[in-house]
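User: I would like to go through this model with you. Please take it step by step.

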Amino acid sequence: MSAVALTGRAGWDHFWRVFLIGGLISYRALFYWISPWQYIPTMLAAPLFQILFFVYLGRSTGVGSTSFFVVGNSIQICSMAGIYGMTMAISNERQFQTLSPILATPSNRLAIFLGRGLPVLITGFQTTCFGFLVSALILGFRPDPGSLPLLAVAVVVTAASCTGFGMALGSVGLRVRDVFLISNIAYFAVLLVCGVEVPLSQLPGGVRAMAQFLPLTHGIAAGRLLAAGRGGGTAVADILLELAVGVAWAAFAYLLFRYFERSGRRTGAFDRL
Amino acid sequence: MSAGRAAAQLGPPLRWPRVLVVGWFYQLKMQAQSGFMIMTALVQPLIFATIAMADQQAGNRSLPILFYALGAGIMGIWSTVVFGCGGVISWQRHQGMLEPLVMAPVPFVLVLMGITLGTATVGLYSMGATLLWAAVVFRAHVQLADPLAFILAAVVTVVSLGLLGLVMGSSFVLYRNSNSISNMLEYPVWLVTGLLVPLSLLPGWTHPLAYVLAPTWGVQALRAAALGGQPLPDLGWCLLASLAYLALGVWLVGRVEVRARSAATLTFQ
Amino acid sequence: MSTAAVTRGEFAIEVEDLRRTYRTTTGTLRRRRLEVEAVRGVSLHVARGELFGLLGPNGAGKTTTIRVLCTLLLPTSGRVMVQGLDVVQSAREVRRQIGYVFGGDRGLYDRLSALDNLRYFAELYGLEPRRHRARIGEVLEQVGLAGRERERVEGFSRGMRQRLHLARGLLHDPPVLFFDEPTIGVDPVGAREVRQLVADLSRAGKTILLTTHYMFEADSLCNRIAVISKGQIVAEGTPQALKAAVSDVTVVEIEAYGVADPVLDSMRALDGVDSVTMETRDQAQLVLVQAREASLLTGRLLQLLEGVRVERIGTREPTLEDAYVALVTAG
């Protein structure tokens with residue numbers, strides 16, 4: 001594919017194909033742990049029990065309500081796909097040494113990158129919906145019906161911003177060997193700091209400030225307002241903030257990716273494990 | 001006469017406790033240096049402890065903050081046991097150690113027990129860390145009502161979890177698909193055994209399940225020893241559970257050995 | 001074989017008609033069962049104090065046989081006794097009396113020091129606690145690791161790991177030792193030391209069963225050798241006896257370029273030819289023809305090689321290697 005062909009309408013088609021098809025194929029190649037025996041426990045059962053665990057913690061401590069923890073945890077679950085999925089996607093490429101061959105193609109970097117994110121985003125959205133559904137069945141969770149469409153938007157936006165965050169962590173995986181340690185810590189830190197299990201008002205000022213720049217914080221806040229039927233301006237503002245945070249992280253991730261790619265090409269770091 | 005042959009071989013009754021303790025010691029030594037273990041035994045429990053204690057401060061404070069620090073500590077021991085013991089046989093096989101260990105003229109179950117007990121003991125890091133965290137970050141007044149009973153309860157809890165780890169390790173090898181279950185064993189057990197939630201708040205039908213799991217009794221004994229109460233009955237139940245795990249473990253490991261020797265699964269072929 | 005052992009009628013190792021079949025399944029959707037007979041009726045006897053070699057190519061059944069003897073594997077059928085004890089019924093008693101050295105990169109705790117590894121196994125083998133230090137010191141000295149014992153195994157070279165495996169096998173001073181390819185992957189100097197140690201142990205009266213595919217090793221070390229191929233013993237005897245089996249044979253070595261298989265077949269068809277094998281080295285091929293009255297055959301052989309560039313043709317005496325090749329490629 002010559003550079004000339006990347007311009008104009010032909011170039012745009014190429015962009016979409018690399019984005020969609022390339023993304024899906026690479027997703028299947030890398031997510032070798034997606035067999036039903038592993039998908040169900042990891043992606044469905046574990047999140048379900050997480051929701052139950054924290055709902056009961058709330059009852060034990062007398063904090064929040066069932067809805068507080070259901071919305072918080074269901075939405076947070078999509079970060080699992082975002083964080084682990086993306087970091088695995090990139091670092092596995094490095095481990096299987098397919099990174100260099102891919103980077104050697106003239107395909108648009110952005111398309112490759114974003115293509116990886118799409119299936120992850122969809123998985124995140126799926127697991128969140130599953131969380132809501134099960135909570136409705138078991139815990140009697142009843143979100144305000146009128147707010148459901150906007151709630152869905154909030155979830156998609158949050159899933160996207162988690163994916164962007166995950167991309168940034170994954171980009172670090174181009175250089176650092178033990179990226180899983182970082183993504184593990186990130187996953188737990190997010191649980192603590194973004195108002196998922198602990199009301200933001202309870203956290204020290206500095207931590208609260210930091211949370212504003214992390215994914216999930218605004219999305220969950222919006223989700224909680226919408227579920228309670230107290231949507232409107234504040235909720236929409238939160239959704240937009242979440243979107244902004246997500247785009248910022250994705251942009252940062254892209255820059256990191258290009259930077260590491262350029263310096264990696266110089267130092268030959270891609271195939272060194 | 002060579003020194004080796006002159007070195008009398010101790011008879012089984014005297015040897016077995018030594019073999020167990022020495023195995024325990026060396027396993028602990030190895031695990032305590034593992035980065036993954038430190039992550040599981042320290043970082044994760046501290047995060048959960050912080051969440052629970054922060055919520056306690058924000059809520060109605062009906063339960064003392066130490067309640068949650070203790071619970072989070074046991075959560076840590078449980079995670080260590082699930083991840084360290086569930087795959088114990090596979091991990092030994094991966095290191096090429098199954099053959100040397102099976103070839104030793106001691107019951108194989110004794111060797112495995114040393115390994116799972118050593119792994120469970122790493123969980124004491126969690127215990128210490130969450131209590132320290134409570135004292136330093138949350139300014140909790142960490143005073144133990146009955147320190148001796150507390151230490152005893154901690155030891156018995158670790159032993160019972162180590163033995164439960166033996167059961168898990170051997171069953172995961174016998175029933176292959178059970179391995180993927182280990183991914184989802186943390187939250188459910190934390191929840192059902194009432195580590196951060198009093199059993200009275202959980203639906204009654206979960207209680208029988210709680211009663212057969214050692215952490216339920218361990219955490220209650222520790223709470224009684226720390227906050228004031230009667231630790232002995234709970235300790236008794238914990239010991240009873242341990243004996244049951246021991247019996248089950250011995251039987252399961254026997255089956256593992258037979259299967260390994262007849263199907264040649266001691267090594268990667 | 002010592003006369004004492006013969007008159008006493010006692011063998012350290014007795015194997016009678018050992019058979020071992022593996023059942024494996026292949027495929028994920030349609031699982032098929034495959035039965036592989038790794039060992040098909042092996043019988044051998046090793047007297048006390050003998051150094052016995054088991055020779056054979058990869059996949060011949062050496063590893064399976066030795067693992068049955070070490071109680072790691074159950075035989076499918078047959079009788080296997082070590083020191084008069086049945087390996088199936090009395091596994092633990094057998095384990096007290098045997099030591100084994102399987103070698104390789106794994107099989108040791110990397111995160112512990114050599115000393116800790118030995119201390120742990122000293123405990124597993126029931127050495128009296130007071131004697132641990134002295135005994136560990138002795139074996140470290142014997143294998144040449146004295147002074148390095150406090151280092152972690154993860155930093156050890158292949159040769160050092162092999163020595164540590166040896167040290168562990170010798171800890172409880174067992175009367176019977178099993179070595180599975182003890183010098184494979186070890187540097188030449190280290191390998192020579194391992195062989196020296198094996199010879200010393202044999203001189204000290206230990207019964208040793210050794211598997212290898214190095215001919216010269218078997219030749220120089222062993223009192224007796226058995227050659228195993230495709231799960232069966234195809235020859236057994238002293239190295240001299242095995243060489244004598246091919247004594248009336250001469251080997252014709254032909255170095256040539258571009259020898260095709262049909263040519264080899266027609267060579268085999270010649271009268272008096274026992275076997276024809278070919279090795280490829282870089283571009284050239286080395287054809288080895290074992291035959292009687294080889295001098296009469298060289299003319300016919302050259303005729304068959306018409307059109308092929310022949311670099312060199314010569315005759316020589318057979319070695320144990322040739323005997324081995326002949327035995328292993330037969331059938």
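Analyst: Axes are lines fitted to C-alpha atoms, for helices over the stretch in contact, and angles run from 0 to 180 degrees between N-to-C directions. This is a predicted model: local features need pLDDT of at least 70, side-chain atom pairs count only at pLDDT 80 or more, and totals for chains, interfaces and linings use all residues. Residues are numbered from 1 along each chain as its sequence is written, with chains lettered from A and ligands numbered from 1 in the order written.

User: Are helix 4 and helix 8 of chain B roughly parallel or roughly antiparallel to each other?

Analyst: Helices are DSSP runs of H or I, at least four residues, and strands are E runs of at least two, numbered from the N terminus. Helix 4 (residues 65–85) and helix 8 (residues 124–137) of chain B pack at about 155 degrees, with axes 8 Å apart. Angles under 35 degrees count as roughly parallel and over 145 as roughly antiparallel. Helix 4 and helix 8 of chain B are therefore roughly antiparallel.

User: Which helix of chain B supplies the largest share of the side that touches chain C?

Analyst: Contact means C-beta atoms, placed from the backbone, within 7 Å. By that rule, 31 residues of chain B meet 32 of chain C. Helices 1, 2, 6 and 13 of chain B each supply at least two residues of that side. The largest share, 7 residues, comes from helix 2 of chain B.

User: What distance separates the centres of domain 1 and domain 2 of chain C?

Analyst: An automatic or database assignment sets the domain bounds. Domain 1 of chain C covers 3–238 and domain 2 covers 246–329. Taken over C-alpha atoms, their centres are separated by 36 Å.

Key: Two residues are in contact if their C-beta atoms, placed from the backbone, lie within 7 Å. Angles under 35 degrees count as roughly parallel, over 145 as roughly antiparallel, 65 to 115 as roughly perpendicular and the rest as oblique.
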